[in-house]
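The structure comes first, and the notes follow it.

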Amino acid sequence: MTVVGIVIVSHSKQLALGVQELAAQMVKGKISLAVAAGVDDPTNPLGTDPIQVYQAISSVFSEDGVIVLMDLGSALISAEMALEFLLPAQRDKIYMCDAPLVEGAIAATVAASTGKNIQEVLREAQGSLLAKSHQLNLIAHPLHNDSNNIDDTVPTKELRIQIKNRLGLHARPAAQFVATACRFEAKIQVQNLTRNTEAVRGDSINQVGTLGVRQGHELLITARGKDAQEAITALQSLIIHNFGEQDPILELPTRTISPLPDNPGQFTGIAASPGIAIAPVVHYQLAPVSITEYHIENVEIEWQRLQHAIQRAKQEITMLLSHASVQIGDAEAAIFDAHLLFLADPVMLDGVRRYIIEEKLNAEAAWQAVVEEVTNSYRQLEDAYLKERVDDVVDVGRRVLRILLGNLPTELHISEPSIVVGTDLTPSDTARLDPRKVLGICMTAGSATSHSAIIARTLGIPAVVGVDSQVLTVENGTVIALDGEGGKVWIEPEGSVLTALENKRQVWQTNQAEARKKAHQPATTRDGQRIHVFANIGSVADAKAAVGYGAEGVGLLRTEFLYLEQIKPPTEEEQLQVYQDIAQILGERPLIIRTLDVGGDKQIPYLGSTLKETNPFLGVRGIRFCLEHPYLLKTQLRAILRASANHHIKVMWPMISTLTELRAAKSILNQSMAELAKDGIEFDAKLPVGVMIETPAAVAIADHLAKEVDFFSIGTNDLSQYVMACDRTNPKVANLTDALQPAVLRMIQKTVEAAHAANIWVGLCGEIAAETVVAPILIGLGIDELSTNPQAIAPLKQVISQLTTTESQVLARVALNQDSASRVRELVYPIG
């Protein structure tokens with residue numbers, strides 16, 4: 001007889017036991033049914049525990065399968081995490097059921113007691129509401145989505161508006177548009193009047209993307225629902241402010257460069273990322289994804305398979321977003337925010353539902369069919385730039401298919417500096433490249449406007465794309481050269497070509513140096529106030545770029561890059577070498593090193609705990625993690641101290657919330673100093689120590705913290721999300737984490753006042769520092785130092801030189817009294 005196990009996961013132990021008792025009475029105990037509910041905390045017993053779920057599954061495990069029913073929220077997360085503790089063969093027997101807890105448990109119990117198989121039991125559980133629905137004259141279906149049913153009697157609000165940002169609604173602004181639209185209940189549609197398109201759903205990243213909206217195009221946005229006016233106002237503000245884009249373009253002077261000599265092994269392609277590279281070839285090819293189309297019987301199980309794959313893909317992209325933020329900065333990493341929105345696109349999901357339910361296609365075939373429909377929509381656009389969004393859809397599509405098929409991701413392992421040659425690189429592939437090992441990129445497909453090319457330019461990796469496919473026949477290890485500015489590639493280049501390339505590299509570097517010469521001047525306001533402009537960096541290469549762009553120092557060295565892509569933490573010697581290399585590049589300029597900051601959106605697998613946190617942003621992250629792993633912190637501090645000898649190095653603690661945390665960290669620093677002194681190892685005994693102000697708690701005790709440190713650095717990215725109680729990685733609320741929210745500005749003001757009262761200086765290292773038009777407000781609030789991405793340094797210094805302190809202070813006072821971030825932005829962003 002078939003024996004199907006059932007597990008009930010609930011926040012409430014009493015609720016779960018009641019459901020268990022009711023279900024057991026229905027079948028007189030003839031079923032394997034276990035409960036995982038509540039947490040072992042007398043003061044707050046509501047919650048779920050992955051270990052409990054794992055134990056419950058193990059207690060009723062059957063080769064015939066186990067159904068897990070959950071109530072809500074963390075119950076789902078705990079259930080998914082529990083699967084990680086099972087063997088792969090066991091995981092395949094576990095089925096997450098989206099049926100309502102009480103009705104589903106009773107229906108599943110009754111069905112299982114009669115010996116039905118796992119699919120039949122699932123079907124009974126998922127249909128458990130039908131009887132109630134029919135009795136109430138309702139129609140219910142587990143896959144039905146009625147989120148867009150809006151009362152048609154509510155009047156429609158309209159907005160006609162012109163798009164003015166340079167590249168129109170490319171992926172990042174389109175993602176912001178959709179994220180904003182999703183905040184409201186109103187049904188939002190948008191139409192490109194300039195191209196005379198049909199109206200599309202405003203909550204669909206792909207439909208908005210395929211409108212082909214460019215600079216100067218006029219949109220018609222309509223909203224219908226009770227909050228229609230609020231939705232229109234929010235979208236209008238977003239567009240008026242150019243989606244927060246500054247598009248600073250540093251114009252380089254042109255010089256006449258002698259044409260490079262021809263060579264028998266020369267290919268011409270598309271210049272995608274400037275620079276010269278000469279190195280051996282390493283071939284890279286995406287693993288083929290082959291799917292089989294077949295018809296299925298249980299559409300609910302198939303839909304659940306797809307949902308699990310999508311959830312896994314979201315986790316992978318979130319990890320990639322964290323990695324990319326460190327490597328290329330939050331602005332460019334936002335490309336992967338759009339990838340997350342693709343996975344949540346209601347139009348795509350509705351299409352897959354239709355294929356699975358109506359045509360009974362398997363999940364792989366249904367997903368692939370919809371991905372192809374979306375990519376074809378993009379390919380039909382006239383605008384070449386927007387056509388490139390196909391790469392992003394294909395990237396996300398392949399990721400989900402790979403997970404559905406159970407395949408491992410393709411990894412690019414490069415041991416020596418090389419040039420990567422292949423057909424194409426996805427944005428995900430490109431973001432994971434190490435510029436120290438990948439000196440150049442040569443692809444037979446792609447364009448200069450693809451996201452892969454944008455990421456390559458940010459990483460500083462020369463790239464040529466659209467090269468003749470003959471380049472794919474070149475053997476691994478063959479030396480080639482490429483000119484990322486001229487779009488040329490040479491196979492085994494002759495001496496004359498190598499000489500010409502070296503000459504061109506020198507000329508290009510000279511041009512850059514001249515263009516940025518002014519950026520190397522101090523940033524001083526018109527009334528003589530000096531504002532230090534530093535750089536945020538995450539690698540040795542970044543340090544070189546920062547100096548080239550005119551940074552007066554490094555205000556934030558993100559040390560997480562040392563821990564990423566490793567199987568174990570870096571040693572003291574490995575860290576010492578990197579810190580010394582960066583300090584050597586900076587010369588007399590100061591270097592502020594932030595100790596390891598993991599957790600939240602920055603996860604490093606081998607440093608994680610055995611249990612995943614329900615809410616990692618409010619869990620063990622930053623200094624909390626390091627204090628739980630003092631050996632990691634001491635290793636890093638010893639390396640920092642040793643590097644501080646003869647260099648201007650400062651150390652900075654992340655995510656400080658209490659004096660106890662600060663003093664514990666300082667204690668480990670003092671221990672490290674004592675050990676080094678005992679061993680006769682040189683270091684700076686007066687090493688300046690600072691804290692990052694990233695939590696409301698740190699602001700509240702800033703006057704006490706200021707007495708124990710030498711400086712503050714305000715991390716507005718985290719401070720904004722904690723002040724506004726919003727997850728900045730959640731696209732539905734991410735816009736609320738704007739650092740220009742008056743509440744956040746007041747936090748900055750309080751921090752500055754506490755610091756200056758204690759005679760210490762205050763820096764700011766959030767992304768808001770890169771918004772040059774916001775500089776007057778920050779300076780008016782009393783910020784002494786701004787730290788930003790290297791590319792923003794020149795325009796930021798130029799803006800500062802045009803300000804006066806008095807005018808900035810007046811503007812800051814006005815900003816503090818506004819009622820929203822959009823109102824603050826209207827003070828500084830030109831409109832019209």
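Which residue just after α22 takes a positive phi? The model is predicted, and in it Gly587 has a phi of about 65 degrees.

## Helix α22

Helix α22 covers residues 572–586.

Buried residues in α22 are Glu572, Gln575, Leu576, Val578, Tyr579, Ile582, Ala583 and Leu586. Viewed down the helix axis, these buried residues fall within an arc of 165 degrees, and therefore line one face of α22. An α-helix has 3.6 residues a turn, so residues three or four places apart point the same way.

The buried residues of α22 are covered by elements that include the strands β17 (532–537), β18 (554–558), β19 (591–594) and β20 (649–653). The helices α21 (540–549) and α24 (630–644) are also among the covering elements.

## The four-stranded sheet

An open sheet is built from 4 strands in the order β5-β8-β6-β7, paired antiparallel. At its edges are β5 (156–162) and β7 (200–201), each of which pairs on one side only. Strands of a sheet pair through backbone hydrogen bonds.

The pairing of β5 with β8 (residues 218–224) is antiparallel and runs over 7 bridges. Within this region, Lys157 stands opposite Ala223 of β8.

## A helix across the sheet

Technical notes: Residues are numbered from 1 along each chain as its sequence is written. This is a predicted model: local features need pLDDT of at least 70, side-chain atom pairs count only at pLDDT 80 or more; totals for chains, interfaces and linings use all residues. Side-chain values use heavy atoms; hydrogens and water are left out. Two strands pair if DSSP finds at least two bridges between them. Helices (H or I, at least four residues) and strands (E, at least two) are DSSP runs, numbered from the N terminus. The expected span of a helix is 1.5 Å times one less than its number of residues. Buried means under 20% relative accessible area, exposed over 50%, partly exposed in between (1.4 Å probe, protein chains only). The arc is that of the directions from the helix axis to the C-beta atoms. Contact means heavy atoms within 4.5 Å.
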